[in-house]
Amino acid sequence: MNKAQELIRVLEQKFIKNSDKDRALQQQRYMKSSMPYYGVTMPQVRAITKGSLKQYAPESNQEYRETLIYIFKNAEYREFWYSGIEYADNFKKFITQENLDVYIEIVRITRWWDIVDYVAANFIGKALIGSENISKISRKLIEDEELWVRRTGLLLQLKYKEKTDFDLLKELVLKMAHEKDFFIRKAIGWMLRQYSYVDPDSVKSFIEENRDKLSGLSIREGLRVINKQNL
């Protein structure tokens, strides 16, 4: 049994011990998940995972990659995915461009906002901030056949604040503005709203200039902070 398998076994024992069937059903309904839950709360998941990680810390980047993929591919309950996020986040020195393919694979496996949005902003975005590769990779991601990979291409600058490449963001938004899916339209508005904290005038001007291209949802989300503050 390798370290990844041992980690899963240890987590499973602790999740079962802290399981709650009623909460599990509520969590599954809320997340519209086909994957079941143990009914462990997120604070419990974090505490359980962090309490187990010292013993199973990766000794190399290859081990980090293999463990992450093993966790996400072999999870039978959703809490294991949340533990996978904690694992990836705990060993920050491995959050690099070398592992972008692993993070994209996690997006393809999970295909839902609770995992995808965190991976986009905290792993892919963090690995790319300040990199000359961000434009090329963002453009590639938004052309992907998988909706959640396209959403990732939009959201990876979510936490960049003043470091946001607004010209790139505008380009991506206009390339995706034709999409009908709720999660793409929501992501467009979310990104515009986030940047409106930095430069509300530029966001407002961009939305006004492109009202005929943007969905009502994207416009409402993008202007939410601006309208609230009467900017």
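Helix 4 and helix 5 are roughly antiparallel to each other, where an angle over 145 degrees counts as roughly antiparallel, under 35 as roughly parallel, 65 to 115 as roughly perpendicular and the rest as oblique. Their axes come within 9 Å and cross at roughly 165°. Axes here are lines fitted to C-alpha atoms, for helices over the stretch in contact, and angles run from 0 to 180 degrees between N-to-C directions. Helices are DSSP runs of H or I, at least four residues, numbered from the N terminus.

A word on the source. This is a predicted model, in which local features need pLDDT of at least 70 and side-chain atom pairs count only at pLDDT 80 or more, while totals for chains, interfaces and linings use all residues. Residues are numbered from 1 along each chain as its sequence is written, and side-chain values use heavy atoms, with hydrogens and water left out.

Back to the pair. Helix 5 covers residues 78–90, and helix 4 passes helix 5 in a left-handed crossing, meaning that the near helix is turned anticlockwise from the far one by less than a right angle. On the helix 4 side the contact (heavy atoms within 4.5 Å) involves Glu63, Tyr64, Thr67, Leu68, Ile71 and Phe72. Helix 5 supplies Phe80, Trp81, Gly84, Ile85, Tyr87 and Ala88. By class that gives 9 nonpolar, 2 polar and 1 charged residues. Nonpolar covers Ala, Val, Leu, Ile, Met, Phe, Trp, Tyr, Cys and Pro; charged covers Asp, Glu, Lys and Arg; the others, Gly among them, are polar.

Next, helix 9, residues 147–155, and helix 10, residues 166–176. Their axes come within 10 Å and cross at roughly 150°, so helix 9 and helix 10 are also roughly antiparallel to each other. Arg150, Gly153 and Leu154 of helix 9 touch Leu172, Val173 and Met176 of helix 10. That contact divides into 4 nonpolar, 1 polar and 1 charged.

Now the charges. How many salt bridges does the structure hold? There are 19, counting a side-chain nitrogen of Lys or Arg within 4 Å of a carboxyl oxygen of Asp or Glu.

One of them joins Lys3 and Glu59, with the closest N and O atoms 3.9 Å apart. Lys3 lies in helix 1 and Glu59 in the loop between helix 3 and helix 4, so the pair ties together parts that are 56 residues apart in sequence. Lys3 is partly exposed, at 25% relative accessible area, whereas Glu59 is exposed at 71%. The cut-offs are under 20% for buried and over 50% for exposed, with partly exposed in between, using a 1.4 Å probe and protein chains only.

Arg211 and Glu208 form another, at 3.1 Å from N to O. Arg211 is partly exposed at 39%, and Glu208 is partly exposed at 41%. Lys213 and Asp212 also meet in a salt bridge, at 3.9 Å. Here Lys213 is partly exposed at 43% and Asp212 is exposed at 66%.

Last, two backbone points. Lys32 is not a glycine, yet has a positive phi of about 50°. Lys32 sits in the loop between helix 2 and helix 3 and is exposed, at 69%. Lys161, also not a glycine, has a positive phi of about 50°. The loop between helix 9 and helix 10 holds Lys161, which is exposed at 57%.
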